[in-house]
There are 2 protein chains.
Amino acid sequence: MRGEFELIAALRERVAAAGAPQRSPGLVLASGDDAAITARPGVTVTTVDALVEGVHFRVPPFGLASVGHKALAAALSDLAAMGAEPGEAYVQLGIPAGLEDERLLELADGIGGLAAEHAVAIAGGDVTAAPALFVAITAVGHAADQGALVRRSGAAPGDVLAVTGELGGAAAGLLVLEHPDLEAGIDARTRAGLLGRQLEPQPRLAAGRALAGAGAGAMIDLSDGLGADAGHLARASAVRLRVDLESLPVAAGVAEVARFGGCDPLDLVTSGGEDYELLAAVPRDGFAATRKAVAATGLRLSAVGEAEDGSGVLLTGPDGAVRPPRGFDQRRSRDDQP
Amino acid sequence: MRGEFELIAALRERVAAAGAPQRSPGLVLASGDDAAITARPGVTVTTVDALVEGVHFRVPPFGLASVGHKALAAALSDLAAMGAEPGEAYVQLGIPAGLEDERLLELADGIGGLAAEHAVAIAGGDVTAAPALFVAITAVGHAADQGALVRRSGAAPGDVLAVTGELGGAAAGLLVLEHPDLEAGIDARTRAGLLGRQLEPQPRLAAGRALAGAGAGAMIDLSDGLGADAGHLARASAVRLRVDLESLPVAAGVAEVARFGGCDPLDLVTSGGEDYELLAAVPRDGFAATRKAVAATGLRLSAVGEAEDGSGVLLTGPDGAVRPPRGFDQRRSRDDQP
């Protein structure tokens with residue numbers, strides 16, 4: 001076991017070796033003092049998010065690099081949901097006694113790799129002993145002004161409800177991960193895709209900025225699951241959100257995994273959570289342009305319903321039947337600001 | 001057990017009831033969205049700090065309110081050491097299954113009470129299940145410009161080394177706390193004072209700003225202990241720091257507790273840590289004015305040594321004998337930015 005300061009130095013080195021930038025545009029003073037100093041015009045967006053061993057992941061089947069990647073991704077996803085540009089992140093690690101430093105450095109690989117992809121500077125952090133591994137991230141983003149950001153509260157009746165990418169992959173990936181014998185009749189590539197959605201999700205930062213720039217009225221990231229997160233958005237905007245279940249974009253392999261796992265694929269899609277796609281309310285007359293702006297970032301934007309007068313979320317089937325959102329993930333959620 | 005959202009609402013309510021401001025000058029959007037939005041001119045100072053049950057505290061003898069207070073105090077102390085004005089804090093809670101929500105609300109009382117004292121807005125947070133209680137704080141401060149802040153790196157040979165307040169109280173308080181039968185021959189008030197230093201330390205925010213304003217060249221807060229923290233400052237400034245042990249301001253009752261506890265009072269003073277006083281290097285010709293500025297905040301500033309050419313820390317006794325810093329607190333420190 002290295003000493004504390006050697007460990008911190010080794011972690012910093014691995015984060016840098018993975019390609020994370022040493023500086024973000026506003027970062028004046030990073031690691032090594034009592035605090036980091038940033039100076040940047042405009043407005044600042046701040047969010048915190050923690051992953052805890054035994055609650056959000058187990059090692060194995062998770063590797064430490066995936067834990068680091070996913071913790072940072074979950075926090076950056078909140079910035080994506082505001083339409084912010086990511087800037088800096090701070091990492092607090094709780095380290096159990098049995099965890100070897102070499103394995104811990106793999107966690108830095110995962111954090112550094114994702115930080116590199118999105119040009120996020122790791123500007124500070126903290127290590128402490130802990131009974132179980134935890135990774136608590138503070139992610140800070142920036143925007144020119146408040147008007148460039150999208151809150152949960154701006155959906156209006158008549159807006160198109162839209163979702164980026166595809167849903168259900170993370171939940172299906174978790175089933176595959178926890179049941180390696182589950183031969184879902186899917187090919188190796190589809191299987192790897194599902195595992196990737198669970199282990200190393202991608203925060204939709206570029207799509208979030210595209211949605212914000214194109215005039216989305218309200219936005220949230222799908223961490224708890226479509227049903228729950230649509231509920232947050234509906235409540236904040238004081239509208240009802242009607243979701244057309246048949247129009248939901250379902251990730252490849254989800255139907256097969258659900259069948260072999262003995263569950264309803266719609267539960268994985270609407271209640272599985274952790275897809276980290278974006279759900280947005282978009283004014284109807286701007287929807288085509290918004291879809292085009294999102295497509296330019298490499299993601300599909302699907303219309304999946306609409307906002308209307310009322311409250312709550314209605315999940316409606318092909319015959320117009322209403323389906324209540326069901327719980328799939330019983331973990332305490334971690335994306336709400338108390 | 002309340003549901004997650006009810007719990008978050010109850011925590012927010014208790015933080016507010018304790019007097020924490022709903023808004024800080026720059027806070028545009030607080031809790032309840034994907035992230036908080038702040039807008040404030042000048043530079044931003046950010047630090048993270050976590051307290052973990054079984055590592056930094058045990059319950060009992062700690063009460064939950066003290067845990068909340070101390071976690072926030074430790075993070076704000078880093079802002080004090082920069083000379084920053086505190087602005088916002090974000091709170092991540094890891095909650096063990098056995099902990100009743102009513103007790104958890106006491107933690108919010110402690111956070112809210114200290115936040116009220118220093119006009120810090122609790123701008124966001126996160127709750128999650130965890131195997132042991134942890135409180136991970138992100139503290140954000142502000143300053144007009146970089147020049148208003150003090151780093152660890154600006155000490156120069158000839159500077160007076162100075163410390164605010166009194167030392168050793170937190171370590172002596174820990175001994176009293178863990179040995180309630182320890183009859184150190186101190187009166188109830190002194191005993192309560194020592195316990196307060198351990199359980200509910202005060203971040204020296206006003207003194208930090210006074211030191212920064214009066215021209216301190218380098219500064220650090222005493223979380224790890226004078227010996228270790230002076231080492232950080234010496235390394236960052238590339239100077240040697242000579243500490244005159246006889247000049248150290250010792251908290252009332254420390255000598256008595258050390259005698260009854262069978263340890264050297266100087267170990268409590270130099271290696272005990274958690275006093276959260278400030279150690280600063282002050283140009284000699286500005287020292288009298290600096291002391292006066294700190295006195296105006298209600299704290300004594302003591303000259304305890306000087307910076308000179310060289311490296312490392314020298315603790316020197318009355319006969320000029322050199323004493324190596326000794327370890328007292330074996331916990332992994334939590335105030336260094338990896």
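Some bookkeeping: residues are numbered from 1 along each chain as its sequence is written, with chains lettered from A and ligands numbered from 1 in the order in which they are written. In this predicted model, local features need pLDDT of at least 70, side-chain atom pairs count only at pLDDT 80 or more, and totals for chains, interfaces and linings use all residues, while side-chain values use heavy atoms, leaving out hydrogens and water.

The interface in numbers:

| Item, chain A with chain B | Value |
|---|---|
| Residues in contact (heavy atoms within 4.5 Å) | 66 of chain A, 67 of chain B |
| Buried area (accessible area, 1.4 Å probe, lost on being put together, summed over both) | about 5600 Å² |
| Salt bridges (Lys or Arg side-chain nitrogen within 4 Å of an Asp or Glu carboxyl oxygen) | four |

Of that buried area, 57% sits on carbon and sulfur atoms. One salt bridge pairs the side chains of B:Asp33 and A:Arg152, at 4.0 Å from N to O. On chain A's side, strand β3 (residues 43-52) gives the most, with nine residues; strands here are DSSP runs of E, at least two residues, numbered from the N terminus.

Strands also pair up between the chains (DSSP must find at least two bridges). Strand β2 (residues 36-38) of chain A runs antiparallel to strand β3 (residues 43-52) of chain B, joined by three bridges. A:Ala36 has B:Thr46 as its bridge partner in β3(B).

As for symmetry, a 180° rotation with 0.0 Å of shift along its axis puts chain A on chain B with RMSD 0.0 Å (least squares on C-alpha atoms of residues with pLDDT of at least 70 in both). That is the relation of a two-fold axis. The copies meet through the same surface, because 100% of chain A's interface residues are also interface residues in chain B.

How values were computed
Buried area is the accessible area (1.4 Å probe) that two parts lose on being put together, summed over both. Helices (H or I, at least four residues) and strands (E, at least two) are DSSP runs, numbered from the N terminus.
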